Amino acid sequence: METIIKIKDLKKVYRMGQEKVYALNGINLEIKKGEICCLYGTSGSGKTTLLNMVAGLEKPTKGSILVKNIPVEKLNEVQLAKFRQKYVGFIFQSYNLLPNLTALENVCLPLIFKGYPKKVREKEAVKMLKAVGLGDRLNHKPNQMSGGQQQRVSIARAFVEKPEIILADEPTGNLDTKTTIEIMELIAGMAEKYGQTVLLVSHDSEALPYADRIVHIRDGVIENIEEKEKYKLKECANK
Amino acid sequence: MKIFDIIRMALRNLFRSKVRTVLTVLGIVIGTTAIIIMLSLGIAINVSYREQMSRMGSLNVINVHPNYENINTGKRGRNDVWVEPTISQEELDKIKQIPNVEAVTPFYQTSVKMEIGKYLGYVTIVGIEPDAMEALEYKAAEGRLLNPDDKLQIVFGSNMKDQFYNPKEMRRGLVFYGYGGPGEEKDINFLEDRINMTFDMSYGERYPGSQTGKKPKLYKVEGVGILEEGNWETAYQAYMNIHELVKLDQEYKQQQANPDQKIRRRKTEEVGFQQAKVKVNEIKNVLDVQEQIRAIGLNAWSMAESLESANKTQAVMQGVLGGIGAISLLVAAIGIANTMIMAIYERTKEIGIMKVIGARIKDIRRLFLYEASMIGFIGGVIGIAFSFGVSYFLNTVGVRFLGGMGMGMGMTDTKLSIIPVWLALSGMIFSALIGLISGFFPARKATKLSALSAIHTE
Ligand SMILES: Nc1ncnc2c1ncn2[C@@H]1O[C@H](COP(=O)(O)OP(=O)(O)OP(=O)(O)O)[C@@H](O)[C@H]1O
Ligand SMILES: [Mg+2]
């Protein structure tokens, strides 16, 4: 199975005055194409830090991250912007929709940045919103929607460009159990459909069954990696 | 990201904070209006000055006079009486040698009396080289200019009728001595009527002045042309072939001289001239030629020279007026920068999100630059429309007001403010540019924002 993300000896040290905080302390991890990988661990263990580094939002203190053989830590701002546009879709815990844009416009945004013509991008966005079950909320502003609905919009936004990698930081952190299951169904279903790789941070036990592998992190190091039956199946199928 | 999408997004963002946008635009409107109105005042002064100048003669003509300042070295006549200095033929020949000189003519000026039908007139008649007339930009409104073989043919200035009077009416006290003035329409047609001309100033009067007793000759002359209106210098003169005029004048002087005074008739080349005119091929050479004429020892004066010194003072004035306007535009530009920086603080999180979901650095930069230049551009357009309003107001109400105060100088079409198209267009471009420049620093700031920390701001 093809490796899409390769993390080698990754360290991140935050300096708070005299004190050093080892957010990540030597992470080695390979993520295969098409897998759903869940980062799991206590609060402050470094999950978000790891995810941000894969997206190039933060620079590591040491170590390297190869995404599709691109050394992310070496890219400059302009290259990073291109890299994100090309390969990465992001889903946040706090949705992060633009408050003055409608659901449709929010989903259109990544396509606008890509320079798609209006007709094409609106067609794509509508299709995506329908897929997440919001066909009747196209022209609602974020503050006119529930948390679950907003998260669906942000999922639609992350998937609309069909990026190869979806990074999701506690996408269900603010949602109830039932909605969590719905959202996870959605993410897993879409990823399966388009053959995307998902790197997910989650605390919710409801989310865990959707993962192929669960990476347990504690104090910036990987404690153990739990491989599910379907991960092995996937691996075999690809071989 | 497509330009069209950036513009749409920028407009949308401006519309979101309406009050702030309107206030910032207002600043630019005031700044643009101030600068345009100030410059338009200067332009109007310049234009009216040029108009006045062009009424006084052509720009590439130099007027040459004898040097009156050197009275001590001036010529001494008979009995040590100081004789008015004149320009000699020799000096004229030197002028002809100067490069870029197209034509030179001396002026031989004297007074004659003319009779047309029942009218009499005192006429200043100027002898001129006939073929220089065209070069010196004399233009005939009717008839033609002089030809080299003209002798008793005369070209009249546009307002010559004013010089004629009806002696009978004068005797009845209807007109002042000598001048008919404009007044009623006189039945004179210079080109058709028979015209008599004489050097005898008392001709036609009831009591002829004391003359030597010899009756001066009466010449039958022919009007062949009337000059165009609009030139003060030529309006009240008549023109004639210089060689003929010198000949007639010399004849007259000899005739009138005391028998014991032996006066020799002089040829054109021998008499001195009070004035000469020099036509230069191009305006840019005028000052240079003028210098060389001065080097010969003559006085030289040209419209081009006084226009240039006037231009310099006006450039300074324009600068001061424009500077006053520029200050208000500068304040407005700071207003734009302020608005944009405020917008960045407000939209920090948004910028972060856009960066994470795929906005390029240049998209973010362009978005802010477009917003800033749109404020500038919109302000500029409104400012120009407003300026035209203010300008119209100044040219109607303002002119009437000044006229009422006796400052309009009787010119009805005087404009206080002129906004040429180039000024309006450059005002528009300039204000957009001001916006762009003011947006530059904020836009840079926006691109430098770290996406991660931007997302975490609330
Ligand atoms: N910008 C920062 N400056 C200093 N320390 C930081 C910074 N960001 C993270 N940390 C520290 O790094 C460690 C890991 O943080 P991180 O956000 O990755 O945790 P997490 O696993 O995502 O926790 P949670 O589950 O609560 O979201 C924490 O101890 C945190 O205090
Ligand atoms: Mg976290």
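Trainee: What makes strand 4 of chain A and strand 5 of chain A count as a pair?

Mentor: Two strands pair if at least two bridges lie between them. In this predicted model, strand 4 and strand 5 of chain A are joined by two bridges, in the antiparallel sense. The count meets the cut-off of at least two, so they are a pair. In one of these positions, Leu66(A) stands opposite Pro71(A) in strand 5.

Trainee: How many residues lie between strand 4 and strand 5 of chain A in their hairpin, and which residue in the turn has a positive phi?

Mentor: Two residues lie between the strands of that hairpin, and Lys68(A) in the turn has a positive phi of about 50 degrees.

Trainee: What is the order of the strands in the open sheet of chain A, and what is the sense of pairing?

Mentor: The order is 2-1-4-5, four strands with antiparallel pairing.

Trainee: Why are strand 2 and strand 5 of chain A said to stand at the edges?

Mentor: Strand 2 (19-32) and strand 5 (70-71) of chain A each have a single partner strand, so one side of each has no neighbour in the sheet.

Trainee: How do you know which strands partner strand 1 of chain A in this sheet?

Mentor: From the bridges. Strand 1 (residues 3-16) of chain A is joined to strand 2 by 11 bridges, running antiparallel, and to strand 4 (residues 62-67) by five, also antiparallel. Leu10(A) has Ile27(A) of strand 2 as its bridge partner, and Lys6(A) stands opposite Leu66(A) of strand 4.

Trainee: What holds paired strands together in general, and in which senses can they run?

Mentor: Strands of a sheet pair through backbone hydrogen bonds, and the pairing is either parallel or antiparallel.

Trainee: Which sense of pairing does strand 9 of chain A have with strand 3, and which with strand 10?

Mentor: With strand 3 (residues 36-41) of chain A, strand 9 runs parallel, over five bridges. With strand 10 (residues 221-227) of chain A, strand 9 runs antiparallel, over six bridges. Cys37(A) stands opposite Arg213(A) in strand 9, while Ile214(A) has Glu226(A) in strand 10 as its bridge partner. Strand 9 and strand 10 also form a hairpin with two residues between the strands, where Asp219(A) takes a positive phi near 50 degrees.

Trainee: What makes strand 9 of chain A mostly covered?

Mentor: Five of the six residues in strand 9 (residues 213-218) of chain A are buried, that is, under 20% relative accessible area.

Trainee: Why is Phe156(B) called buried?

Mentor: The relative accessible area of Phe156(B) is 0%. The cut-off for buried is under 20%, so Phe156(B) qualifies. Phe156(B) sits in strand 5 (residues 153-156) of chain B. Beyond residues up to four places away in sequence, Phe156(B) touches several residues, including Met114(B), Phe190(B), Ile195(B) and Ile226(B).

Trainee: How far apart are Phe156(B) and Ile226(B) in sequence and in space?

Mentor: They are 70 residues apart in sequence, and their C-alpha atoms are 4.7 Å apart.

Trainee: Why is Arg294(B) called partly exposed?

Mentor: Buried is under 20% and exposed is over 50%. Arg294(B) has 30%, so the label is partly exposed. Arg294(B) lies in helix 8 (residues 286-296) of chain B and touches Ala300(B) and Glu305(B), leaving aside residues up to four places away in sequence. The C-alpha atoms of Arg294(B) and Lys355(B), 61 residues apart along the chain, are separated by 74 Å.

Trainee: How do you know whether the radius of gyration of chain A agrees or disagrees with that of a compact globule?

Mentor: For 239 residues, a compact globule would have a radius of gyration near 18 Å; chain A has 18 Å, so the two agree. The C-alpha trace of chain A spans about 50 × 40 × 35 Å along its principal axes.

Trainee: What percentage of the residues is buried in chain A, and what percentage in chain B?

Mentor: In chain A, 54% of the 239 residues are buried; in chain B, 48% of the 458 residues are.

Trainee: How many helices and strands do chain A and chain B have?

Mentor: Chain A has seven helices and 10 strands, and chain B has 13 helices and 11 strands.

Notes:
Residues numbered from 1 in each chain as written. Chains lettered and ligands numbered in written order. Predicted model: local features only at pLDDT ≥ 70, side-chain atom pairs only at ≥ 80, totals over all residues. Heavy atoms only, no water. Buried < 20%, exposed > 50% of the residue type's maximum accessible area, 1.4 Å probe, protein only. Rg over C-alpha atoms; globule rule 2.2 N^0.38 Å. Contact = heavy atoms within 4.5 Å.
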